[in-house]
Amino acid sequence: MDISVSSFGSPSRPCMGVLQKASTQVAHRGAFLLCRPWGQEATRTAAMFRVLSERLSRQGCDVLRFDYHGTADSPGEEQDQALSDWVEDTLAAHACLHAHLQAQSGGPIRWFGMGLGANLALRASVRAAPLPRHVVLWEPVIDGPAYLQNLYDGHRAELSREFGYPWPQLLRQGRVSEPQAPGDVLGFAMGPRLVAELTDVSELQLAPALRRGMTLTCALHAEQRQALPPISSDHLHLHTVETRTNWLSSQALGTAIVPPDALRLMLAALD
């Protein structure tokens, strides 16, 4: 495997990524940009994203997975970040991957985003140049307040599991306090800008990306699909996610299991 660490972005927003080059044993098929979720979901899917990168490399793709500024291995203050900032980082990652392709054998770029990373990919795709050929969105956030509530619930569940007592009992004993944002939730600092932008997430804006001519694959749970506005387009493929994995739970930490449908949809995007 040919893997290297890549640094990119503006001087004020440097980012770190891992570039895995395509296998030389198969025909080259362009590149994939992997947009990770945020917070504990990013931590607990890290192994899965490594597996995805390896699988796509074996299919002839160069693959870039990266950390948004202020997260994981990228420098920056965590509490100062917002969704709009991470959209800029996604565009910078796309530019980095495009420059790499141009220096090699060329080819199209596809994107994959998971969780909040899917939302960032969708927002960035309407500005990206050159246009991504195909964007695969896996379980994007379509209700910001509900997403925040899930973070709070996950915070309570993890501390209850750690201490071995129900949350109400821990509260009565004064051993914990209710999670709130802005603040520290599940071990990650959420600043006021991030919280405000998450609160404003109320639907998935697919139409602007479709108008640009790119192909979108959107994988959602059944109840999420019902909340989508009606859109008719030959460039939109909707997929129902049948299984649920709670990536906020510590029980998911380190799992390298890739949802079979996620890999299948990504491979289908190569055709």
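Modeller: Contact means that heavy atoms lie within 4.5 Å of each other. This is a predicted model, in which local features need pLDDT of at least 70 and side-chain atom pairs count only at pLDDT 80 or more, while totals for chains, interfaces and linings use all residues. Residues are numbered from 1 along each chain as its sequence is written, and side-chain values use heavy atoms, with hydrogens and water left out.

Colleague: Which residues does Ser160 touch, not counting residues up to four places away in sequence?

Modeller: Ser160 is found in helix H5 (residues 144-163), where helices (H or I, at least four residues) and strands (E, at least two) are DSSP runs numbered from the N terminus. Once residues up to four places away in sequence are set aside, Ser160 touches Tyr165, Pro166, Trp167 and Leu170.

Colleague: Is Ser160 buried or exposed?

Modeller: Buried means under 20% relative accessible area, exposed over 50%, and partly exposed in between, with a 1.4 Å probe and protein chains only. Because Ser160 has a relative accessible area of 16%, it counts as buried.

Colleague: What is the relative accessible area of Asn119, and which residues is Asn119 in contact with beyond four places in sequence?

Modeller: Asn119 lies in helix H4 (residues 116-125) and is buried, with a relative accessible area of 7%. Leaving aside neighbours within four places in sequence, Asn119 is in contact with Pro140, Val141, Val201 and Leu204.

Colleague: Which residues have the most contacts inside the largest nonpolar core, and which helix gives the largest share of this core?

Modeller: A nonpolar core is a set of buried Ala, Val, Leu, Ile, Met, Phe, Trp, Tyr and Cys residues joined through side-chain atoms within 4.5 Å. The largest one has 55 residues, and those with the most contacts inside it are Trp38, Leu151, Met190, Leu206 and Leu216. Its largest share, 8 residues, comes from residues 83-103, which form helix H3.

Colleague: How is H3 oriented relative to H4?

Modeller: Axes are lines fitted to C-alpha atoms, for helices over the stretch in contact, and angles run from 0 to 180 degrees between N-to-C directions. Angles under 35 degrees count as roughly parallel, over 145 as roughly antiparallel, 65 to 115 as roughly perpendicular and the rest as oblique. H3 and H4 pack at about 70°, with their axes 9 Å apart. The orientation of H3 to H4 is therefore roughly perpendicular.

Colleague: By class, how many residues of each kind does the contact of H3 with H4 have?

Modeller: For these classes, Ala, Val, Leu, Ile, Met, Phe, Trp, Tyr, Cys and Pro count as nonpolar, Asp, Glu, Lys and Arg as charged, and the others, Gly among them, as polar. Leu83, Trp86, Val87, Thr90 and Leu91 in H3 meet Leu116, Leu120, Arg123 and Ala124 in H4. Sorted by class, that contact has 7 nonpolar, 1 polar and 1 charged.

Colleague: At roughly what angle do the axes of H3 and helix H7 cross?

Modeller: Leu83, Ser84, Asp85 and Trp86 in H3 meet Arg193, Leu194, Glu197 and Leu198 in H7. H3 and H7 are roughly perpendicular to each other, since their axes, which come within 8 Å, cross at roughly 90°.

Colleague: Which residues in H10 do Leu52, Arg55 and Leu56 in H2 meet?

Modeller: The axes of helix H2 (residues 46-58) and helix H10 (residues 260-268) come within 11 Å and cross at roughly 35°. In the contact between these helices, Leu52, Arg55 and Leu56 in H2 meet Leu263, Met266 and Leu267.
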